[in-house]
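Student: Please show me the sequence and the model. I would then like to work through it by questions.

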Amino acid sequence: MTEQQSIFQVGDQVIHWSHGLGEIIQLDEKSLSGRTRQYYVVQMSELMLWVPIDQTGDCSLRLPTPKKDFKDLFQILASPGKPLSSNSNERRLQVVERLKDHELASICRVIRDLTLHKRLKKMNDNDNSTLERSRNFLINEWSVALSIPTQQAEQELKNLLEGEENIS
């Protein structure tokens, strides 16, 4: 295998910007279309990804959010939601725009705002799917970052969104 600087090591837990929490299980080299590259092999819950080592960063892999940064995320989740458009196409575009930066804080804002929308109006399948996927993404990272069971993270998220305290 050719030498290339790798940011992560085998055994590291990482967050993929689209698929969420995974673990690097090996480094691999593959040749595709005559080009040989090194890859992180990342095991997700039900998926295995090959992520090029030279394409890591904000739009690929990152380490889980540090525990100390969750205080700010909790404040976002507990803050009053911002209304989303009642037009489903406009609402979908609002949510997509908010998630563009792949930041966990943006995911928290989307969860908070879609939860408010759900309390006030009927949600369509896209809204429900986005909310569920965002919640799962956050809960899995929360669980790892704070070393708590996912059920506890789920309950704490529910408490924050309902305006209650009791956070780990």
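Predicted model: local features only at pLDDT ≥ 70, side-chain atom pairs only at ≥ 80, totals over all residues.

**Pockets, salt bridges and loops**

Student: Which element gives the most residues to the lining of the second largest pocket?

Tutor: A pocket is an open set of points on a 1 Å grid over the protein atoms alone, where a 1.4 Å probe fits, with protein on both sides within 12 Å along at least five of seven lines; lining residues have an atom within 4 Å of a point. Here the lining includes S18, H19, M44, R133 and N140. With four residues, the top contributor is α4.

Student: Which residues lie nearest the centre of the largest pocket?

Tutor: The lining of the largest pocket divides into six nonpolar, five polar and three charged residues. Of the 14 lining residues, those nearest the centre are W17, L99, I107, R133 and S134.

Student: And which element supplies the largest share of that lining?

Tutor: Helices (H or I, at least four residues) and strands (E, at least two) are DSSP runs, numbered from the N terminus. In the lining of the largest pocket, which has 14 residues, the elements giving two or more are α2 and α4 (125-146). The largest share, five residues, comes from α4.

Student: How many salt bridges does the whole structure have?

Tutor: A salt bridge is a side-chain nitrogen of Lys or Arg within 4 Å of a carboxyl oxygen of Asp or Glu. R112 and D113 form one, their closest N and O atoms being 2.8 Å apart. The search of the whole structure gives a total of eight.

Student: How many residues apart in sequence are the parts tied together by D54 and R37?

Tutor: The side chains of D54 and R37 meet in a salt bridge at 2.8 Å, N to O. D54 lies in the loop between β4 (48-52) and β5 (61-62), whereas R37 is in strand β3 (residues 35-43), so the parts that the pair ties together have a sequence separation of 17 residues.

Student: Is R37 buried or exposed?

Tutor: Buried means under 20% relative accessible area, exposed over 50%, and partly exposed in between (1.4 Å probe, protein chains only). D54 has 41% and is therefore partly exposed. R37 has 17%, so R37 is buried.

Student: Which residues are linked with R35 in a network of salt bridges?

Tutor: The bridge between D54 and R37 described above, at 2.8 Å, belongs to this network. The residues linked with R35 are R37 and D54.

Student: What is the relative accessible area of E141?

Tutor: E141 is in helix α4 and pairs with R62 in strand β5, 79 residues apart. Their side chains meet in a salt bridge at 2.8 Å, N to O. R62 is partly exposed because its relative accessibility is 23%. E141 is buried, with a relative accessible area of 1%.

Student: What is the phi of S147?

Tutor: Most residues other than glycine have a negative phi. S147 sits in the loop between α4 and α5 (150-161) and is exposed because its relative accessibility is 66%. S147 is not a glycine, yet its phi is positive, about 55°.

Student: And what is the phi of H102?

Tutor: H102 is found in the loop between α2 and α3 (104-120). Its relative accessible area is 21%, so H102 is partly exposed. H102 is a residue other than glycine with a positive phi, near 60°.

Student: Which residues does S85 touch, not counting those up to four places away in sequence?

Tutor: S85 lies in the loop between α1 (70-78) and α2 (88-99). At 13% relative accessibility, S85 is buried. Contact means heavy atoms within 4.5 Å. On that basis S85 touches E90, R91, Q94 and H117.

Methods:
Residues numbered from 1 in each chain as written. Heavy atoms only, no water. Nonpolar A, V, L, I, M, F, W, Y, C, P; charged D, E, K, R; others polar.
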